[in-house]
Amino acid sequence: MAAPAGLPAEAAGAECSEEALAAALADVPELARLLETDPYLKPYAPDFQRRYKRFNQTLTDIGENEGGIDRFSRGYESFGVHRCADGGLYCKEWAPGAEGVFLTGDFNDWNPFSYPYKKLDYGKWELYIPPKQNRSVLVPHGSKLKLVIRSKSGEILYRISPWAKYVTREGSNVNYDWIQWDPEYSYKFKHSKPKKPKGLRIYESHVGISSYEGKIASYKHFTCNVLPRIKDLGYNCIQLMAIMEHAYYASFGYQITSFFAASSRYGTPEELKELVDTAHSMGITVLLDVVHSHASKNSEDGLNMFDGTESCYFHYGPRGTHLLWDSRLFAYASWEVLRFLLSNIRWWLEEYGFDGFRFDGVTSMLYHHHGIGENFSGDYHEYFGLQVDEDALTYIMLANHLVHTLYPDSITIAEDVSGMPALCSPISQGGGGFDYRLAMAIPDKWIQLLKEYKDEDWNMGNIVYTLTNRRYLEKCIAYAESHDQALVGDKTLAFWLMDAEMYTNMSVMTPFTPVIDRGIQLHKMIRLITHALGGEGYLNFMGNEFGHPEWLDFPRKGNNESYHYARRQFHLTDDDLLRYKFLNNFDRDMNKLEERCGWLSAPQAHVSEKHEDNKIIAFERASLLFIFNFHPSKSYTDYRVGTTLPGKYKIVLDSDAAEYGGHKRLDHNTEFFSEPFEHNNCPCSLLVYIPNRVALILRNVDLPN
């Protein structure tokens with residue numbers, strides 16, 4: 001379970017002298033603002049000072065040695081293989097452990113040693129191959145290449161360049177092939193990037209599973225068939241998973257083998273660019289799920305053992321391996337590793353037009369223990385000291401600095417389960433520089449309630465605490481469930497709620513069963529209260545908006561390489577005879593109401609009621625009054641609800657409406673008038689009929705839209 005994000009445990013033993021505090025305030029430009037926001041961080045001011053100075057010194061070193069981070073992050077312009085204007089070929093690699101480097105491929109009939117690289121300083125190697133006499137392209141588009149590495153032990157190794165822009169696997173081959181991607185006509189972007197959304201509504205997506213057919217779907221399919229659905233549902237951002245090339249499909253894209261290559265299993269690089277460009281034409285921001293926390297252990301088609309040593313891109317020895325993920329861990333203090341990763345960030349922004357990133361596995365990066373076996377309690381001692389990997393933290397700060405310098409409207413999101421303070425504070429305050437963090441405790445809470453408690457035993461105060469427990473001025477992305485909950489071995493919310501009855505009782509031609517009725521009503525309520533109360537952004541995993549049945553399982557030996565569970569059955573929402581359409585309708589209208597009213601960009605909600613016996617939660621946000629009745633059986637006539645805003649109210653969203661699979665117990669023409677009657681510490685209140693298992697949003701119509 002994710003760590004709480006509220007006030008820390010008592011910082012016993014943590015000290016910071018006045019002199020040390022003054023020195024930290026002098027070195028970190030806006031540290032005073034952070035400490036004013038959270039005075040409990042004062043004992044750790046020297047930690048913020050040290051982190052900021054390391055970041056600033058690295059930035060200075062890059063400036064002095066490389067001409068600035070702008071040039072440093074363009075490594076892809078020289079490393080790898082490049083066609084020159086004269087028709088020749090310039091090649092460059094970093095292989096400090098190699099005794100020799102050669103280029104081979106179709107172009108020289110796979111002679112392994114006919115084109116040797118010249119050794120440069122600092123472990124770099126370069127090769128220039130002059131053009132043919134007729135100036136035709138020496139290595140044509142689509143031809144295969146390999147690097148040949150002679151290790152210090154004399155072993156001959158065949159490798160793919162870490163900077164390869166396109167790799168693919170033919171037929172039943174185990175390993176990927178490096179393909180020279182140099183098309184005569186590359187895709188030209190037609191549309192400008194959309195403005196940064198005020199309220200982020202993210203549709204978490206995986207291209208490969210986006211079809212209902214039992215196969216790997218394509219970029220083209222996603223562009224033509226899924227993007228219009230996302231737009232119709234009111235999402236203004238997509239987060240694309242599993243784009244960076246990964247040899248093992250069932251890894252969900254988290255075992256990267258080629259960091260600069262867009263996965264070829266879905267199509268070509270140009271088709272991915274078209275996808276991003278089309279999304280931009282719809283006003284949809286596009287984020288990449290970037291994996292810089294670890295890399296695949298593959299060597300023949302990955303980074304591992306690239307130059308014949310285990311310490312090229314990664315730490316040597318046990319520190320270089322993640323025990324749970326069985327993957328390699330980057331040496332973030334290495335100059336060339338920094339160049340590689342920062343250039344990778346820039347590549348996806350500039351070559352493909354992405355608008356930002358969701359950084360995977362940030363907890364693993366932040367700590368030497370990688371979060372393994374740690375139950376973060378929220379005590380501030382857990383976030384400072386020797387357990388923090390400040391090399392990785394420096395890289396995180398540099399990456400965020402680069403992203404926001406290049407494109408100020410870019411968005412970065414941290415997947416951090418630990419709750420590290422200031423991770424989403426500006427770098428100028430000593431923070432990590434992320435825009436948002438995922439509110440990872442929220443889905444855990446919903447699963448816990450559905451698994452372990454009867455409906456009548458749900459604790460309203462605990463639900464509100466989980467949804468509102470976040471650090472002031474550090475924005476969160478709330479979600480009721482993501483891809484993690486959909487994976488085999490777990491269940492989606494819909495499946496926890498309705499389970500096997502989803503196979504038999506989702507037809508509108510049959511009466512509601514108690515299980516389906518409960519499931520549909522709670523599914524809507526859980527998602528709305530998470531959306532409205534849980535953060536400054538909202539995320540949904542594709543298909544879960546309509547209660548996608550079953551689970552997610554990629555083809556593997558354990559399921560006979562079946563694609564049956566590696567697909568999204570969007571056609572279920574299009575069938576007018578099935579109840580999935582109700583959940584889809586509610587999700588769409590919930591998002592579109594947020595677009596109009598902007599509660600995600602409004603200050604955190606004022607919660608006026610969390611009544612344990614009545615199972616009522618009421619709060620105000622963005623001048624809207626939200627009311628939830630989680631009671632399984634009790635409805636309330638003339639229930640008094642407090643409000644801070646006097647006036648006339650009308651219903652603007654009702655989960656009990658017929659179009660959402662509700663029971664139509666409320667008249668939407670009803671007008672509710674507040675009274676100057678103090679209730680639950682609110683100066684005004686109004687009387688409302690609240691049926692059981694219903695969520696309502698009321699708007700004060702006396703206020704401007």
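Reader: What should I keep in mind about the numbering and the values?
Author: Residues are numbered from 1 along each chain as its sequence is written, and side-chain values use heavy atoms, with hydrogens and water left out. The model is predicted, with local features needing pLDDT of at least 70 and side-chain atom pairs counting only at pLDDT 80 or more, while totals for chains, interfaces and linings use all residues.

Reader: What makes R319 and D391 a salt bridge?
Author: The term asks for a side-chain nitrogen of Lys or Arg within 4 Å of a carboxyl oxygen of Asp or Glu, and the side chains of R319 and D391 meet at 3.9 Å, N to O, so the pair meets the definition. R319 lies in the loop between β14 (285-290) and β15 (321-322) and D391 in helix α9, so the pair ties together parts that are 72 residues apart in sequence. R319 and D391 also belong to a network of salt bridges, whose other members include D47, R50 and E390.

Reader: Why is D391 called buried, and why is R319 called partly exposed?
Author: Buried means under 20% relative accessible area, exposed means over 50%, and partly exposed lies in between (1.4 Å probe, protein chains only). D391 has 18% relative accessibility and therefore counts as buried, whereas R319 has a relative accessible area of 37% and is therefore partly exposed.

Reader: How do you know that R358 and D360 form a salt bridge, and are these residues buried or exposed?
Author: Their side chains meet at 3.1 Å, N to O, in a salt bridge. R358 counts as buried because its relative accessibility is 2%, and D360 counts as buried because its relative accessibility is 8%.

Reader: Why is α3 called oblique to α9?
Author: The axes of helix α3 (residues 45-66) and α9 come within 9 Å and cross at roughly 60°. That makes α3 oblique to α9, because angles under 35 degrees count as roughly parallel, over 145 as roughly antiparallel, 65 to 115 as roughly perpendicular and the rest as oblique.

Reader: Which residues form the nonpolar patch on the surface, and how much accessible area do they have together?
Author: L323, L324, W325 and I372 form this patch, with about 420 Å² of accessible area together. I372 is placed in the loop between α8 (362-366) and α9 (390-406).

How values were computed:
Patches are made of residues with over 30% relative accessible area and no salt bridge: like charges are joined within 9 Å, nonpolar side chains (Val, Leu, Ile, Met, Phe, Trp, Tyr) within 5 Å. Accessible areas come from the Shrake-Rupley method with a 1.4 Å probe; for residues, only the protein chains shown count as cover. Helices (H or I, at least four residues) and strands (E, at least two) are DSSP runs, numbered from the N terminus. Axes are lines fitted to C-alpha atoms, for helices over the stretch in contact, and angles run from 0 to 180 degrees between N-to-C directions.
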